[in-house]
Amino acid sequence: MRIFIDADACPVKDETYKVAHRYGLKTWVVSNAFMQIPASPLIARMIVEAGPDVADDWIASQVEPGDVVVTNDIPLAERTLQAGGYALAGNGKVFDENSIGSAIAQRALMEQLRSTGEMLGGPKPFDRNDRSQFLQSLDQIIQKERRRRSLQDGGG
């Protein structure tokens, strides 16, 4: 089980590092430019070329069942779910098979409105409650996957 951070605009990198360290999970920090990361054998940096979706493509090519991807990018979240991984937004929203379709539809609608000049404003500012929800959701995902793996391995 690994964690991948779509890091260029991620507001919860430090929180992810702390939770991953607690569970001893390898974390990949993927970005288009150099980004400072903590010195740890459990944290790796991957700098990809600049360009649309280059970081997303690299992450999607690496994800295996049970991995966690921290991203606000809805198409990457969908690709993560298709690969059997968990997708988690920075505000703690868990993308799953039941919510990804409506998230994609809402994204398409918002793109259409923006293209016609109907700007409705951006997302609400990131706050302490979002950070708390993220920590709770990440911990729940890891616990869920650890239980699943324990049962799969015959533990109980």
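**Helix packing and salt bridges in a predicted model**

The axes of helix 1 (residues 13-23) and helix 5 (residues 128-152) approach within 10 Å and cross at roughly 30 degrees. The model in which this packing is seen is a predicted one. Two packed helices are described by the angle between their axes and the distance between the axes. Angles under 35 degrees count as roughly parallel, and helix 1 and helix 5 are therefore roughly parallel to each other. The crossing of these two helices, helix 1 and helix 5, is right-handed.

The contact itself can be followed residue by residue. Sorted by class, the contact of helix 1 with helix 5 comprises six nonpolar, two polar and five charged residues.

One pair from this contact deserves a separate description. The side chains of Arg22 and Asp139 form a salt bridge, with an N to O distance of 3.0 Å. Arg22 belongs to helix 1 and Asp139 to helix 5, so the pair ties together parts that are 117 residues apart in sequence. Arg22 is exposed, with a relative accessible area of 54%, whereas Asp139 counts as partly exposed at 22% relative accessibility.

Side chains of opposite charge can pair when their charged atoms come close. In this model the count comes to seven salt bridges. Among them is the pair of Glu64 and Arg2, whose side chains meet at 3.9 Å, N to O. Glu64 is partly exposed, its relative accessible area being 46%.

Arg2 also forms a salt bridge with Asp67, and here the closest N and O atoms are 2.7 Å apart. Asp67 lies in the loop between helix 2 and strand 4, while Arg2 is in strand 1, so the pair ties together parts that are 65 residues apart in sequence. Both Asp67 and Arg2 are buried. Through salt bridges that share partners, Arg2, Glu64 and Asp67 are joined into one network.

Methods
Residues numbered from 1 in each chain as written. Predicted model: local features only at pLDDT ≥ 70, side-chain atom pairs only at ≥ 80, totals over all residues. Heavy atoms only, no water. Axes fitted to C-alpha atoms, helices over the stretch in contact; angles between N-to-C directions. Helix = DSSP H or I, 4+ residues; strand = E, 2+ residues; numbered from the N terminus. Parallel < 35°, antiparallel > 145°, perpendicular 65-115°, else oblique. Left-handed = near helix turned anticlockwise from the far one by under 90°. Nonpolar A, V, L, I, M, F, W, Y, C, P; charged D, E, K, R; others polar. Salt bridge = Lys/Arg side-chain N within 4 Å of Asp/Glu carboxyl O. Buried < 20%, exposed > 50% of the residue type's maximum accessible area, 1.4 Å probe, protein only.
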